[in-house]
Amino acid sequence: MPDGSVRAIRGRVLTFLRAPRGVGDTESYRYIDDGVVLARDGRTAAVGPAAELLPGLPAETAVDHYPGELIMPGFIDPHIHYPQTQVIASYGAQLLEWLEKYTFVEEQKFGDPAHAARIAEFFLDELARNGTTTAVAYCSAHPASAEALFGAAARRGVGMIAGTAIMNRNGPPGLLEPARDAITASRDLIRRWHGKGRQRYAVTPRFAITSTGEQLEAAGALLKEFPTVLMQTHLDENHDEIATVKRLFPEDASYTAVYERFGLLGPRSLMGHCIHLDETEIALMRDTKSVAVFCPTSNLFIGSGLFNYRKLAEAGVRIALATDVGGGTSYSMLRTAAEAYKVLQLQGQNLPALAAFDLMTRANAAALGLDGEIGTIAPGGFADLVVLDARATPAMAHRMEVTRDLEEELFVLMTMGDDRAVRQTYIAGQPAL
Ligand SMILES: [Zn+2]
């Protein structure tokens, strides 16, 4: 938004430069103890020490000062379902039953544009409260649901990536569209919204169970037709799901091979979960540069299993970290990182705080192909920021009394923090809270 607005945001600035190689990798980030992010027309114009930048600013420049608090790139959530804000915390079911009993029921309400509009506003409010400035969202099967979300996001200046869930079998009639109709609707939405301002489209076949081969093939063709559009789906989340895919696609060697056959793997493909990949599937993910999206709170809550982070990382598979609300149980990327840490602990692995914060920001942006635009604080990128307070609760402040360094502070933030630790969120240089 080139409105000429200039704002200086002052505090302890932290942004990642590359993936940390382990605990104590101080070369992986840039940290300025008393820093300033200068936002102009929605983008970062400059970042540097306050002592250098402030004297050069016109006297009337607005300065938002957060002494002692951390200013980081806004969090990025690469897998979340916006029609599931009233599905979150649904009791007692694993994946396929959970979909039928709770999710499909709730998603059918999104044919009503008024309902979709109300939930879209709530959803974007909740993301901002949690410091999340970009998300990749599944909509319901109704074009009206995507219209509502993109419309609300555009009005706020927030960059969203979203798509309507494509399904033509194994769901309630209210959510199923004939193969061609769903693709036509997605194409219309791409033309209306992809690249309009900050909005981007993701072709969204829900998963292989809910589409025929014909529909998956058409989705793959749509990806070819629009080479900058993203793709999101689910993969290898649950054993019953995998067995069902085997039954529906007996000719394919694996679940991942189904997506490969229809042209749905590639650098723009976000594959949610990837818990039970076998060796050939890991090789397919690596060779196609597809992204495995780790959704720890969802994997624990739905009882799906433990994401083998080390194995996938060592195999060279790209990895992102996401909430997956409403299978996930929190909108907070901090809470998500805390659960990711525990999932790794259960497998004798660790997630250093530096790696977790890099994932939530720079690495998630890179997974979306949006590095340079979001995920770091650097001139030219959008001034999407989160201001974090590691002393937000009495227990956190108490713990911080003995915290020795930045890395330990970040670990306190991810282990104990949530929306209460988010002091402010900036969207394109403007405060969102
Ligand atoms: Zn999901």
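In which loop does N168 lie? N168 sits between β8 (165-166) and α5 (179-193); the helices (H or I, at least four residues) and strands (E, at least two) used here are DSSP runs, numbered from the N terminus.

A word on the basis of this report. This is a predicted model, in which local features need pLDDT of at least 70 and side-chain atom pairs count only at pLDDT 80 or more, while totals for chains, interfaces and linings use all residues. Residues are numbered from 1 along each chain as its sequence is written, and side-chain values use heavy atoms, with hydrogens and water left out.

**The chain as a whole**

The protein chain contains 15 helices and 16 strands. Its radius of gyration is 21 Å, close to the 22 Å that the globule rule gives for 433 residues, so the chain is as compact as a globular protein of that length. That radius is taken over C-alpha atoms, and the rule is 2.2 Å times the number of residues to the power 0.38. Along its principal axes, the C-alpha trace spans about 65 × 50 × 40 Å.

Of the 433 residues, 61% count as buried, where buried means under 20% relative accessible area, exposed over 50%, and partly exposed in between (1.4 Å probe, protein chains only).

**Two covered helices**

Helix α13 (residues 353-367) bends by about 55° at L359, the bend being the angle between axes fitted to the seven residues ending there and the seven starting there. α13 is mostly covered, with 14 of its 15 residues buried. Just after α13 comes G369, with a positive phi of about 70°.

In helix α15 (residues 406-416), eight of the eleven residues are buried, so this helix is largely enclosed by the rest of the structure. Among the buried ones are L406, L410, V412 and M414, along with E407, E408 and E409.

**Two residues up close**

| Residue | Relative accessible area | State |
|---|---|---|
| N168 | 17% | buried |
| A315 | 21% | partly exposed |

Not counting residues up to four places away in sequence, N168 touches L176, E177, A179, T210, S211, T212 and Q215.

A315 belongs to helix α11 (residues 309-315). Leaving aside its neighbours within four places in sequence, A315 is in contact with I282 and R286. A315 and A146 are 169 residues apart in sequence and 35 Å apart in space, C-alpha to C-alpha.

Notes: Contact means heavy atoms within 4.5 Å.
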